[in-house]
Amino acid sequence: QVHLVESGGGLVQAGGSLTLSCAASGSFSSINTMGWYRQAPGKQRELVAVMNSEGIFDYADSVKDRFTISRDNAESTVHLQMNNLKPGDTAVYYCNVYYYTDRRYDYYGQGTQVTVSS
């Protein structure tokens, strides 16, 4: 079982910045992908940014050049630096870790609210 704890959400004005952090604990493969997804009211959950244990990353087009993902493999943490936030970034942000052994294992945190006011 994997436990993910997020922190860093909050309310910010448009153009502001926030940093989200997530710490993973429990037993899971060291070869994994950690990242962030978000879900706005009435919308499906979508990928924001992910990074695997080799440092390969991917971003949603809507956040490229504004968000930066980083991770510490030794600490099993992942961070999301969000700059130039827009009202459209308002959502619940979920930390995720997934890995493959006999099948794909997916785990999500409880989510942290990010609200961007105009």
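Which residues have the most contacts inside the largest nonpolar core? The views below are of a predicted model, in which local features need pLDDT of at least 70, side-chain atom pairs count only at pLDDT 80 or more, and totals for chains, interfaces and linings use all residues. Residues are numbered from 1 along each chain as its sequence is written, and side-chain values use heavy atoms, without hydrogens and water.

**View A. The largest nonpolar core.** Trp36, Leu80, Met82 and Tyr93 have the most contacts inside this core of 32 residues. A nonpolar core is a set of buried (under 20% relative accessible area, 1.4 Å probe, protein chains only) Ala, Val, Leu, Ile, Met, Phe, Trp, Tyr and Cys residues joined through side-chain atoms within 4.5 Å. Strand 9 (residues 91-100) gives the most to the core, with five residues; strands are DSSP runs of E, at least two residues, numbered from the N terminus.

**View B. Surroundings of Met82.** Leaving aside residues up to four places away in sequence, Met82 touches, among others, Leu18, Leu20, Phe67, Tyr93 and Val114. Contact means heavy atoms within 4.5 Å.

View C. Six bridges join strand 7 to strand 8 (residues 77-82), and Thr68 has Gln81 of strand 8 as its bridge partner.

**View D. Ser25 in strand 3 (residues 18-26).** Ser25 touches Gln1, Val2 and His3, not counting residues up to four places away in sequence. The C-alpha atoms of Ser25 and Gln1 are separated by 8.5 Å.

Definitions and conventions:
Helices (H or I, at least four residues) and strands (E, at least two) are DSSP runs, numbered from the N terminus. Buried means under 20% relative accessible area, exposed over 50%, partly exposed in between (1.4 Å probe, protein chains only). Two strands pair if DSSP finds at least two bridges between them.
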